[in-house]
Amino acid sequence: MAVSTELPEAGSPQGTEATAPPPPGLRYNSPLVQVSLIGLVCFCCPGMFNALSGLGGGGQFDHTTADNANTALYACFAVFGVLGGAAHNLLGPRLTLLLGSLTYPLYAASFLYYNHHKSQTFPITAGALLGAGAGLLWAAQGAIMTSYPPPNRRGSYISLFWCLFNLGGVLGGLLPFSFNYSRTDAGSVNDATYGAFIGFMLLGAALTFLVLPPAKIVRDDGTRATRVTYSSVSTEGWEILKLFTNWKMLLILPAAWASNFFYTYQFNNVNGLLFTLRTKGLNNVFYWGAQMIGSAGIGYFLDFGFASRRKRGLMGVAAVALLGTAIWAGGLANQLRYLDGEFPDKIDFKEGRRYAGPFLLYFSYGLMDAIFQSLIYWIIGALANDSQILSRYVGFYKGVQSAGAAVAWQVDTHKTSLLSQLIVNWGLCTVSYPLLAVLVLLAVKDEDYSVSNVDDGGKEKETKMAAPSSFH
């Protein structure tokens with residue numbers, strides 16, 4: 001029978017059923033361990049996928065196949081991202097994560113196939129299947145990451161997840177760097193690189209069997225993370241439709257669209273265009289490493305920066321806006337060097353001063369991505385404390401995010417001016433900052449232990465939770 005979470009009855013505090021506090025120490029059924037486990041799954045699956053994508057063109061000299069595969073991927077992701085929350089509420093996290101994770105090794109295998117048979121059919125089909133799988137995986141991940149942690153430590157748990165997840169990108173960047181180190185004139189990565197990606201992705205799928213049902217998750221103060229009952233297809237369908245008129249989701253929409261839109265430009269037209277093959281892999285080590293630094297920094301600030309949670313959110317938006325604007329300005333200065341999209345004299349990491357500037361820019365792009373997305377996840381997590389609601393919110397975010405990415409990959413396929421791509425990316429981010437600030441101002445409560453839920457009439461009600469223990 002399908003397991004999910006259900007909204008509490010009016011007046012009953014959700015997620016606060018208290019038991020005797022568990023003994024101190026690391027527990028398998030604690031939010032910390034379960035969020036860490038999800039981080040390891042994403043280390044192996046999306047983390048390795050990010051490393052593969054970060055090479056530009058999926059590791060191929062010609063970007064056309066990867067652009068078309070990613071268009072199919074993100075078009076399906078846009079649909080299944082929105083539906084993923086419903087799937088999680090019907091199937092439970094373990095099965096949802098398993099079904100999603102199995103599509104990642106298939107995608108990597110399609111590029112191994114393409115190394116020997118130059119047909120786009122397999123990569124594009126695998127991309128579409130991965131889009132469906134990724135929608136399931138990220139909806140389950142988002143529900144766990146935003147509903148299991150104590151409300152006043154969400155930022156720390158988000159940064160913990162983001163560090164584990166992006167460690168996959170760091171290690172994944174070392175794979176093509178080491179396997180292709182002496183192939184200085186090669187345009188595409190070798191078979192061993194794709195084989196290593198496939199192995200890690202299969203390991204990630206196996207780890208999903210260790211994920212516990214939500215009913216078994218107990219916080220350090222004895223409260224349960226969520227109440228588990230059963231959902232229905234009709235309920236989920238109606239709740240998904242209501243997301244498109246939810247004012248909170250509409251305020252998040254521009255940020256969601258922007259948050260993967262810039263990947264195409266950064267991967268294909270910065271890392272993929274400026275650097276030698278082995279240097280692309282090395283750059284990805286630092287790109288995803290920068291994400292770990294950025295998520296840890298913004299997570300700590302959002303949990304401990306100020307006593308007022310609303311003030312922390314507003315200051316977080318301001319910090320992300322200032323840093324993001326500075327980084328895009330640096331990107332503009334770099335882009336003016338190759339307006340025609342041609343850069344025949346590739347930069348190698350051994351070239352010292354010539355390498356330093358473009359490397360610092362690409363590193364900064366990774367930093368910006370982490371703080372931007374971590375901030376959005378933190379805001380979403382502050383909107384409710386019920387994993388059913390949050391799985392739908394995260395599904396909506398991932399769906400819109402993926403729709404933007406699908407458009408971005410086709411924009412690149414049609415050889416749109418690189419300067420135009422940069423300006424659109426910068427503009428989308430800039431538009432999103434004030435809207436996120438408005439959302440924080442209107443929807444984020446100052447009390448860290450307040451829980452915002454929605455009753456059967458669609459109106460918000462608020463209940464109080466016992467103050468949870470600290471993040472360990």
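**Confidence and helix packing**

Modeller: pLDDT is the predictor's confidence in each residue, from 0 to 100. Helices (H or I, at least four residues) and strands (E, at least two) are DSSP runs, numbered from the N terminus. This is a predicted model: local features need pLDDT of at least 70, side-chain atom pairs count only at pLDDT 80 or more, and totals for chains, interfaces and linings use all residues. Residues are numbered from 1 along each chain as its sequence is written, and side-chain values use heavy atoms, without hydrogens and water.

Biologist: What is the mean pLDDT of the chain?

Modeller: The mean is 83, and 86% of the residues reach 70 or more. Over residues 1–16, however, pLDDT stays under 50. Where pLDDT is low, the predicted coordinates should not be read in detail.

Biologist: Changing topic, at what angle do α13 and α14 cross?

Modeller: Helix α13 (residues 353–381) and helix α14 (residues 387–413) cross at roughly 150 degrees, their axes coming within 10 Å. The two helices are therefore roughly antiparallel (angles over 145 degrees).

Biologist: Which residues make the contact?

Modeller: With contact meaning heavy atoms within 4.5 Å, the residues include Ile376 and Tyr377 of α13 and Tyr393 and Tyr397 of α14.

Biologist: And Leu442, buried or exposed?

Modeller: Leu442, in helix α15, counts as exposed because its relative accessibility is 54%; exposed means over 50% (1.4 Å probe, protein chains only). The C-alpha atoms of Leu442 and Arg310 are separated by 9.1 Å.

Conventions
Axes fitted to C-alpha atoms, helices over the stretch in contact; angles between N-to-C directions. Parallel < 35°, antiparallel > 145°, perpendicular 65-115°, else oblique. Buried < 20%, exposed > 50% of the residue type's maximum accessible area, 1.4 Å probe, protein only.
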